[in-house]
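Here is a short briefing to read with the model open beside you.

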Amino acid sequence: MTATPQAAVGFRRFLPNAQSDAWGYFCGCVLALGASLSFATARAALVAGLSPGDLILMRFGVSGLFLLPFWIGSGLPGLAGVGWRRALLLTMLAGPGFALMQMGGYAFAPLAHGAVIHPASVAIISTIIAAVLLKERLSGAHLIGAALVIGGIVLISWQGLHAAAGADSWIGDVLFFTSAIIWACFTVLVRHWRLHAIRTIAVVSFLSLILMLPGYFAWYGMDHVRALPLGAMAVQGLVQGFGQGVLAITAYSQAIRVLGVSRAVLFPAMVPAVSILIGIPIVGEFPNAYQIAGLLLVTAGLVSAVGVFGPRQSRIRVSTAT
């Protein structure tokens with residue numbers, strides 16, 4: 001009769017302590033890996049022939065339905081405390097339009113552009129908005145980091161901006177940067193309103209699914225839907241919907257809870273490097289010298305901008321998880 005409790009105690013020894021730093025670091029790495037896989041597989045899917053609408057369908061379809069119980073159980077009429085007015089505004093910011101720009105950019109620009117421009121720009125823009133609207137103090141480290149990030153983005157985009165006539169990678173860069181502005185506004189509003197992050201994402205994901213379905217079927221038609229490769233769509237559902245839309249965001253909230261923002265924000269800064277490395281085997285795109293130099297500058301800038309080396313109280317809370 002004592003074997004079962006002893007076995008349970010022995011099994012729990014192998015489980016991570018949800019309050020330990022090790023658990024926080026693990027969750028942070030899950031975020032970085034999930035976001036990086038999302039960028040790399042989105043680029044690979046668009047190169048292989050899927051449309052941005054297909055990726056958006058899988059992102060909000062999987063995350064919206066999977067997270068549905070989280071906010072229904074917290075109050076359906078009031079949308080889990082978010083409220084209809086706030087929910088609709090946040091859906092306009094982080095819903096299908098945002099996803100279309102973020103993923104559609106890969107139809108024009110290579111992985112290295114989107115993997116660096118979007119997360120780097122979100123971090124810097126969030127910091128600026130927080131300083132202006134939320135009155136959070138910017139340190140010298142933040143300003144230096146912002147300058148490094150801007151320089152890195154210029155290097156990464158240099159080839160596309162100065163390519164021969166007809167090259168359109170700059171269109172993807174503009175889409176990535178615009179989506180970064182939108183996501184930064186979304187994260188600042190969620191923080192300003194002190195909303196529950198996971199419930200808010202659940203509400204936005206489900207509303208986005210409801211809003212996009214009529215437009216998706218009207219634009220692409222049933223012939224397109226019937227011709228979709230099930231295997232490729234399943235991969236996108238797993239990576240974009242569950243990996244990015246559910247797992248990465250949940251892991252980031254856990255990392256912040258355990259480690260605090262000052263250490264948790266290190267992990268979004270890993271996304272550009274991990275994305276480009278993952279993209280080598282998945283997409284077959286090797287970064288050139290400009291992109292490598294830009295990647296190093298952006299990484300250094302992000303580490304500085306989030307205030308890793310500054311006093312704990314001056315560190316700006318930013319979220320780059322998408």
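What volume does the largest cavity have? It has a volume of about 100 Å³. This is a predicted model, in which local features need pLDDT of at least 70 and side-chain atom pairs count only at pLDDT 80 or more, while totals for chains, interfaces and linings use all residues. Residues are numbered from 1 along each chain as its sequence is written, and side-chain values use heavy atoms, with hydrogens and water left out.

**Cavities**
- Two cavities of 30 Å³ or more are counted; on a 1 Å grid over the protein atoms alone, a cavity is a set of points where a 1.4 Å probe fits but cannot get out.
- Volume here is the space filled by probe spheres set on the points, which are joined across faces, edges and corners.
- Lining residues have an atom within 4 Å of a point, and those of the largest cavity include Arg-59, Phe-60, Trp-183 and Ile-249.
- At least two lining residues of the largest cavity come from each of α3 (52-66), α10 (197-227) and α11 (230-259); helices are DSSP runs (H or I, at least four residues) numbered from the N terminus.
- Six nonpolar, three polar and one charged residues make up this lining, where Ala, Val, Leu, Ile, Met, Phe, Trp, Tyr, Cys and Pro count as nonpolar, Asp, Glu, Lys and Arg as charged, and the others, Gly among them, as polar.

**Second largest pocket**
- About 160 Å³ of space lies in the second largest pocket; a pocket is an open set with protein on both sides within 12 Å along at least five of seven lines.
- Among its lining residues are Pro-52, Ile-56, Leu-100, Met-212 and Tyr-220.
- Two or more lining residues come from each of α3, α6 and α10, and α10 gives the most, with four residues.
- The lining has seven nonpolar, two polar and no charged residues.

**Packing of α3 and α10**
- The axes of α3 and α10 come within 9 Å and cross at roughly 145°; axes are lines fitted to C-alpha atoms, for helices over the stretch in contact, and angles run from 0 to 180 degrees between N-to-C directions.
- Leu-57 and Phe-60 are among the α3 residues that meet α10, whose side includes Leu-209 and Tyr-216; contact means heavy atoms within 4.5 Å.

**Aromatic pairs**
- Eight aromatic pairs are present, with ring centres of Phe, Tyr and Trp (its six-membered ring) within 6.5 Å; planes under 30 degrees apart count as stacked, over 60 as edge-to-face and the rest as tilted.
- Phe-39 and Tyr-106 form a tilted pair because their ring centres are 6.3 Å apart and their planes are at 50°.
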